[in-house]
Amino acid sequence: AIECFQSGILTKRDVGMTLDWGDGDAVVAIAKKIAKREGIGNLLADGIMRAAQKIGKGAEQYAVHVQGEEVPAHDPRFYPALAVTYRLDATPARHTQGGRSWIMGVDWLTDDRKDKYDSTNTGDVQKKAMNMVHIVNSSGICIFAYLAYPTHFIPDCLTAVTGVEYDFDQCLEVGERVANIRHLFNLREGLNPLKYPMNQRLVGRPPLKVGPVANVTIDDDTMIRDYLKVMDWNLKTTKPSAKKLAELGLSELVAKFS
């Protein structure tokens with residue numbers, strides 16, 4: 001809304017006030033209008049994707065979202081792995097789905113590349129990062145604990161709670177099963193994440209001219225393709241292969257989705 005106001009797409013007559021960056025009072029006032037669906041708030045209450053569609057006049061360029069989900073403060077131009085997570089996870093634009101843990105240096109996850117912006121051969125570490133977070137989220141373990149403690153506590157915790165012996169590789173397999181089931185739900189509903197609308201500013205198209213991520217553009221196409229390959233998902237439809245589903249004990253879904 002502020003960008004639309006600054007560019008003249010929205011006017012004071014539309015908004016009822018002046019919108020400037022850093023004006024906390026205006027932000028609070030807009031938030032109250034959204035909560036009560038009053039004036040401009042009624043337009044913004046359905047999310048920025050729908051608001052931009054209704055406003056028109058080029059407002060879509062300022063709506064930073066993936067498939068209608070507004071992104072958090074975690075920027076793929078600094079955390080490149082999030083360019084994949086935000087697009088390919090079953091719930092798009094969520095920084096809590098694994099991409100960030102890759103760069104934050106979780107104790108078990110090694111990345112031999114010297115440059116975090118090197119987009120080649122990222123699929124395996126991306127897969128491991130996302131699959132482990134799936135089991136963390138599914139088990140009710142806090143992500144802050146996951147990022148703070150030696151990761152072996154996760155299989156130890158699951159073993160203690162369930163009475164079934166878990167090791168690290170089993171955790172990754174469970175996480176991969178979760179990833180595939182969540183993804184299959186979306187496929188059943190006709191959703192292909194490669195077709196999700198995503199504001200290209202997220203990956204530096206065009207790149208920023210100033211600031212700590214100036215001149216950064218993420219090669220998300222290469223990273224996404226590599227992730228799909230290691231997940232054994234079709235490069236166009238994103239459907240998991242029959243072999244992969246069988247490996248994960250999901251054979252009953254092979255005929256429907258492969």
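The side chains of Glu 189 and Arg 188 form a salt bridge, with 2.8 Å from N to O; the term denotes a side-chain nitrogen of Lys or Arg within 4 Å of a carboxyl oxygen of Asp or Glu. Glu 189 is partly exposed at 46% relative accessible area, and Arg 188 is likewise partly exposed at 47%. Here, buried stands for under 20% relative accessible area, exposed for over 50%, and partly exposed for values in between (1.4 Å probe, protein chains only). The model is predicted, so local features need pLDDT of at least 70 and side-chain atom pairs count only at pLDDT 80 or more, while totals for chains, interfaces and linings use all residues. Residues are numbered from 1 along each chain as its sequence is written, and side-chain values use heavy atoms, leaving out hydrogens and water.

Another salt bridge joins Glu 69 to Arg 94, at 3.7 Å from N to O. This pair connects distant parts of the chain, 25 residues apart: Glu 69 lies in strand S2 (residues 69-70), and Arg 94 sits in the loop between helix H6 (82-88) and helix H7 (99-104). Helices (H or I, at least four residues) and strands (E, at least two) are DSSP runs, numbered from the N terminus. Glu 69 is partly exposed, at 28% relative accessible area, and Arg 94 is also partly exposed, at 30%.

Lys 54 and Asp 46 pair up through their side chains as well, in a salt bridge of 3.8 Å from N to O. Lys 54 is exposed at 55%, whereas Asp 46 is partly exposed at 32%.

A network of salt bridges links Lys 127, Glu 176, Lys 243, Lys 244 and Glu 247.
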